[in-house]
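Keep the viewer open as you read.

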Amino acid sequence: MFEGFLHTSIIKRAIEKGVVEVEIHDFREFALDRHKSVDDTPYGGGQGMVLMCQPLLDCLKTITTDDSLVILMSPQGQTFSQKMAVDLSNEKHIIFICGHYEGFDERIRDYVDMEVSIGDYVLTGGELSSMVISDAIIRLLHGAIRQSSHEDDSFSNGLLEYPQYTHPAEYDGTRVPEVLLSGHHENIRKWRLKESLRRTMIRRPDLLEGRTFTEEELKLLEEIKENY
Ligand code: ADE
């Protein structure tokens with residue numbers, strides 16, 4: 001599952017440049033029986049299989065260092081966010097535990113530092129979610145992409161990103177907003193801030209709740225509301 005992720009585009013280049021190192025460990029190799037079992041039926045009965053402590057925790061022991069942050073991927077965890085991506089990008093070593101099973105033996109939770117979910121839906125395993133989180137972290141690392149590329153990211157200033165355009169200036173009768181062609185940096189900055197606010201107000205008003213606005217933002221919000 002990780003092949004495409006590790007060998008494509010920005011992540012591939014980040015690995016080649018030594019910006020990040022990624023290792024995949026298969027805890028099935030730590031299973032003790034000849035079938036290499038890693039899961040078993042739940043105590044108390046019920047559907048499905050439960051991931052056993054021993055293979056996973058034996059594997060974890062071989063890779064954990066003093067610098068490791070151990071994250072369990074699960075729909076029961078804290079919801080991932082851009083803020084969490086920024087915080088995690090400062091960690092030295094992150095271990096993502098990905099179960100491709102219906103549940104973990106509860107005692108596994110005693111060995112993890114955090115439990116993280118990528119949203120309120122259930123995937124067949126934690127692999128995709130660990131890739132989602134790794135991707136969001138790796139692109140923030142110094143040298144992965146141009147630093148200025150993520151300064152305007154959606155969420156980085158608590159707002160959605162403003163609309164972007166590239167050539168041609170007119171396509172199928174729709175023109176790029178004139179201000180963007182003007183070369184007037186201050187007007188462009190102001191237009192972008194206003195459009196960020198407008199877009200956030202319409203699409204994600206929840207992001208504006210409890211936010212402290214600058215004088216300029218308040219004035220722009222008034223203008224947006226007047227014409228809404
Ligand atoms: N594993 C299964 N579903 C998940 C989710 N929503 N987030 C993280 N890991 C998961």
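Leu123 is partly exposed, because its relative accessible area is 33%; here buried means under 20% relative accessible area, exposed over 50%, and partly exposed in between, with a 1.4 Å probe and protein chains only. Before we go further, note that this is a predicted model, in which local features need pLDDT of at least 70 and side-chain atom pairs count only at pLDDT 80 or more, while totals for chains, interfaces and linings use all residues. Residues are numbered from 1 along each chain as its sequence is written, and side-chain values use heavy atoms, with hydrogens and water left out.

Leu123 sits in the loop between E5 and H5. Such labels are DSSP runs numbered from the N terminus, with helices (H or I) of at least four residues and strands (E) of at least two. Leaving aside residues up to four places away in sequence, Leu123 touches Ile118, Leu128 and Ser129, where a contact means heavy atoms within 4.5 Å. Val122 lies in the loop between strand E5 (114-117) and helix H5 (127-138), and it counts as exposed because its relative accessibility is 69%. Both residues belong to a "binding site" feature that UniProt, in an unreviewed entry, places at Gly99, Ile118, Gly119, Asp120, Tyr121, Val122 and Leu123. UniProt positions are given in the numbering used here, feature names are shortened, and annotations may be inferred rather than shown by experiment.

Now follow the chain back into the sheet. Three strands form an open sheet in the order E4-E3-E5, with parallel pairing; two strands pair if DSSP finds at least two bridges between them. E4 and E5 are the edge strands, each with a single partner, so one side of each has no neighbour in the sheet. On average, neighbouring strands are turned by 45 degrees against each other, direction ignored. Axes are lines fitted to C-alpha atoms, for helices over the stretch in contact, and angles run from 0 to 180 degrees between N-to-C directions.

E3 is joined to E4 by five bridges, and Ile71 stands opposite Phe96 in E4. H3 packs on the sheet, where it touches E3 and E4, and its direction makes about 170 degrees with that of E4. H5 also packs on the sheet, touching E3, E4 and E5, at about 160 degrees to the direction of E4. E3 and E5 likewise pair in the parallel sense over five bridges, and Val116 in E5 is the bridge partner of Met73. From E5, Met114 and Val116 point one way and Glu115 and Ser117 the other, and all are buried.

The largest one has 17 residues, of which Leu56, Ile97 and Ile108 touch the most other members. Its largest share, six residues, comes from H3. Apart from it lies another core of 14 residues, including Ile71, Met73, Met84 and Met114. The buried residues of H3 pack against strand E2 (50-51), E3 and E4.

Finally, zoom out. The domain assignment gives domain 1 (3-138) and domain 2 (152-226), with bounds that come from an automatic or database assignment. Their C-alpha centres lie 37 Å apart.

How values were computed
A nonpolar core is a set of buried Ala, Val, Leu, Ile, Met, Phe, Trp, Tyr and Cys residues joined through side-chain atoms within 4.5 Å.
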